[in-house]
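Please read them with the structure open.

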Amino acid sequence: MAILTISCSKNDSESSTENEKVSNTQGVSLYLTDGPADYEHVYIDIQSVEVMTDTCSGSEFDYWDKDYRDSCISWNELKITPGTYDLLTLNNGVDAALAQGTVPKGKIKLIKFQLGSNNTLVKSGATYALKLLTDSSAVYLNLRGNEWDQSDSDSSKLWIDFDVARSVFELPNNKYYLSPVLTAFVEKNTGNIEGEVLPDDAYPYISVYNNSGDTTYNIPRPDGYFKVRALETGTYSLKIDANNGYKDTVISNISVTSGKTIKLSSITLHK
């Protein structure tokens, strides 16, 4: 019996230690989406993703203090599939699983994206090099640490909006430069507006804005469907700038609530 007792005690101890290890980590998942731009394709070469976790919960964050960095800061590389991502396929409600991994428990306050050199865009059927605007190929996204979707204590999710329209700079002679503009959001903490603009030869451009001056842009799919994501709770107006002689249209007083999608009636433009 003594042996059995010792054996049970040992297993319980190992189990307790293992549970402690598990409880001190969290799963992390990042999803990539995009704001639209007037190109056919924008290919971004993403080689690695790292996150910085502050494990000293309740302490004042001071990354520049060496002792704080040594005792409280943990950098961890997430698992990704390195290569080029066509950002313009990731709009109107579409996103892609970008990176996953396990990191220490704490507040994730910084994400580092390491870009490669194979960045290009396609416009009017021609492919152009997309050069980084700075010498550094690392792109950082600063966070407060409370943006994450933590549906359970051991899992954190975050969506990254890569705003192509504000990230690409076009210079004369078809020279293009990249200075990434990234925004983080959580689906359950923001709302969406979706709908359909007809006819399909109006080639509309959509802007959604509120009284605070916040504006989000969208280009509907060829079939007219659109979905504008990551809107804070509030009242918005939706403007449709049309082409081919169709008249512009504005829809006002759209009430958006976090975690919900507002579906508008089909919008038919007229000349």
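The points below cover confidence, the disulfide, one glutamine and the cavity.

1. Confidence overall. This is a predicted model. The protein chain has an average pLDDT of 89. A score of at least 70 is reached by 90% of the residues.

2. Helix H1, residues 2–23, has the lowest confidence in the chain, with a mean of 37. Strand S4, residues 79–80, has the highest, at 98. Over residues 1–22 the pLDDT stays under 50. For that stretch the model has 1 contact beyond four places in sequence. Where pLDDT is low, predicted coordinates should not be read in detail. Please treat helix H1, with its mean of 37, accordingly.

3. The disulfide. Which cysteines form a disulfide? They are Cys56 and Cys72, with sulfur atoms 1.8 Å apart. The count for the model is 1 disulfide. Such a link is a covalent bond between the sulfur atoms of two cysteines.

4. What the disulfide joins. Cys56 sits in the loop between strand S2 (41–54) and helix H2 (66–72). Cys72 belongs to helix H2 itself, so the pair ties together parts that are 16 residues apart in sequence.

5. Handedness and burial of the disulfide. Is the link between Cys56 and Cys72 left-handed or right-handed? The torsion about its S-S bond is about -80°, so the disulfide is left-handed. Cys72 has 6% relative accessibility. The cut-off for buried is under 20%, so Cys72 counts as buried.

6. Gln26. This residue is in strand S1, which covers residues 25–35. Is Gln26 buried or exposed? Gln26 is buried, as its relative accessible area is 2%.

7. What Gln26 touches. The Gln26 side chain reaches the backbone oxygen of Gly106 at 3.1 Å. Beyond four places in sequence, the contacts of Gln26 include Gly101, Thr102, Val103, Pro104, Lys105, Gly106 and Ile108. Also among them are Thr53, Gln150, Asp154 and Ser156.

8. The cavity. How many cavities of 30 Å³ or more does the structure hold? There is 1. The largest cavity contains about 50 Å³ of space.

9. The cavity lining. The residues lining the largest cavity are Leu32, Ile46, Phe113, Leu115, Val139, Ile160, Phe162, Pro180 and Leu182. Strand S7 (107–115) supplies at least two residues of this lining. Strand S12 (155–163) also supplies at least two.

Methods:
Residues are numbered from 1 along each chain as its sequence is written. This is a predicted model: local features need pLDDT of at least 70, side-chain atom pairs count only at pLDDT 80 or more; totals for chains, interfaces and linings use all residues. Side-chain values use heavy atoms; hydrogens and water are left out. pLDDT is the predictor's confidence in each residue, from 0 to 100. Helices (H or I, at least four residues) and strands (E, at least two) are DSSP runs, numbered from the N terminus. Contact means heavy atoms within 4.5 Å. A disulfide is a pair of cysteine sulfur atoms within 2.5 Å. Buried means under 20% relative accessible area, exposed over 50%, partly exposed in between (1.4 Å probe, protein chains only). A polar contact is a pair of N or O atoms within 3.5 Å; within protein, one must be able to donate a hydrogen and the other to accept it, and residues adjacent in sequence count only if both atoms are side-chain atoms. On a 1 Å grid over the protein atoms alone, a cavity is a set of points where a 1.4 Å probe fits but cannot get out, and a pocket is an open set with protein on both sides within 12 Å along at least five of seven lines; lining residues have an atom within 4 Å of a point. Grid points are joined across faces, edges and corners, and a volume is the space filled by probe spheres set on the points.
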